[in-house]
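Have a look at the structure, then read on for how its pieces sit together.

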Amino acid sequence: MDLSKIFLKNACPTSIGGQAVMEGIMMRGPERMAVACRLPDGTIHMKTQPNKKMGKWAKVPLLRGVVAFVSSLVEGTKTLMYSADVLEANWPEEDQEEPGKFETWLNTKFGEKGAWNLMIYFSVVLALLMTIGIFILLPTVAANWLDAYIQSDILLNLLEGIFRIAIFIIYIALISRMSDIKTVFQYHGAEHKTIHCFENNLELTPANAQQFYTLHPRCGTSFLMFVMVISLILFSLLGWPNLFWRIVSRLLLIPVVAGLSYELLKWAGRSDNWLVKILSMPGLYLQKLTTNEPDDKQLEVAIAAMKAVMVPVETPYFEGICDLDGNLVEAKTFERKSKAETRRMAEES
């Protein structure tokens, strides 16, 4: 790993960030965000909208990390589901599946929009519960079995932290083998290459972007690794109380860990001294698992999304088919419909 290609001397760090979605990219600029997806017919569907206004808590150090974490989880889930729905609505009719009984019941009971909102918040809650259960509680419960053999509080906390990191890395390594996830990780790499290209004041083209690494110091993956490392250090300061109080302390300190990790990530993103490089190394190595080399077509999607958020404030928002510069070509508002309704409309037409 050549760190000089990650912490680039002449780069101008920006606040632009993004997220890989299904067959596409979400880019968030200073004032707006854009979600771009490559449709089965090769065109790019894009939606732009204003950034959600953050409250006063989003400006308070430490607290802003917690606000950013919760907000990114909710908005990230919405964006991911939106991209999946756009792809499904534009997928060839013969390849679409019949809606399941549960999906049909939700649509009937709550309506299309209500069912979609319900699924978003259910997904967020489920993700939080699984994250807390697997990556916070399971390691400390597992380490509790070592009580009878190890008397050192420091060693027990260290083993718990190592176990937590190992579970996380194994989880990422396993899902990276799935074909859909491989594609998502390619778009993740495209996002980083495009941001590197922009921050180095180069023309946004696939050829220019391809010369950069898929690794970036401000990546959310690095944030997760910071969470793992900071939790190891912070939890070690509490000693090794009984299992009940360890679980309580881990849960209560989650906001503190998230806040500290966010501040460390922001610092790492705008600095390139030797200490930052050392602290960033675990997250950068983890990004080798969560990013893949993109092709030029995937970079085109990322570049279109980037250009769509770097426009004058008065530029109208839009939804539809766009060109490679992120400009609207054909207005095409996506309306969430059930599969059954989509088929019925196709048959009537």
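In helix H3, Phe168, Ile169 and Ile172 meet Leu286, Leu289 and Thr290 of helix H9, where contact means heavy atoms within 4.5 Å. By class, this contact has five nonpolar residues, one polar and no charged ones. (Ala, Val, Leu, Ile, Met, Phe, Trp, Tyr, Cys and Pro count as nonpolar, Asp, Glu, Lys and Arg as charged, and the others, Gly among them, as polar.) H3 covers residues 153-175 and H9 residues 274-290, and the two pack at an angle of about 25 degrees with their axes 9 Å apart. So H3 and H9 are roughly parallel to each other, a label for angles under 35 degrees, while over 145 is roughly antiparallel, 65 to 115 roughly perpendicular and the rest oblique. Axes are lines fitted to C-alpha atoms, for helices over the stretch in contact, and angles run from 0 to 180 degrees between N-to-C directions. The helices (H or I, at least four residues) and strands (E, at least two) are DSSP runs, numbered from the N terminus.

Before going further, keep in mind that this is a predicted model: local features need pLDDT of at least 70, side-chain atom pairs count only at pLDDT 80 or more, and totals for chains, interfaces and linings use all residues. Residues are numbered from 1 along each chain as its sequence is written, and side-chain values use heavy atoms, with hydrogens and water left out.

Now for the charged pairs. Side chains of opposite charge can pair when their charged atoms come close. The structure holds eight salt bridges, each one a side-chain nitrogen of Lys or Arg within 4 Å of a carboxyl oxygen of Asp or Glu. Here are some of them:

| Pair | N to O distance |
|---|---|
| Glu300 and Arg38 | 2.9 Å |
| Arg250 and Glu160 | 2.7 Å |
| Lys307 and Asp325 | 2.6 Å |

What does the pair of Glu300 and Arg38 tie together? Glu300 lies in helix H10 (residues 296-309) and Arg38 in strand E3 (residues 32-38), so the pair ties together parts that are 262 residues apart in sequence. Glu300 is buried at 17% relative accessible area, and Arg38 is buried at 13%; buried means under 20%, exposed over 50% and partly exposed in between (1.4 Å probe, protein chains only).

Arg250 is buried too, with a relative accessible area of 0%, and Glu160 is buried at 1%. Glu160, Arg164 and Arg250 are linked in a network of salt bridges. As for Lys307 and Asp325, Lys307 is partly exposed at 25% and Asp325 is partly exposed at 39%.

On to the sheet. It's an open sheet of six strands in the order E1-E2-E3-E4-E5-E6, with antiparallel pairing; two strands pair if DSSP finds at least two bridges between them. The edge strands are E1 (17-21) and E6, each pairing on one side only. Neighbouring strands of the sheet are turned by 25 degrees against each other on average, direction ignored. Three bridges join E5 to E6.

Helices pack here as well. Helix H4 (residues 179-199) packs on the sheet, touching E1, E2 and E3, and its direction makes about 160 degrees with that of E1. H10 lies across E2, E3 and E4, running at about 155 degrees to E3.
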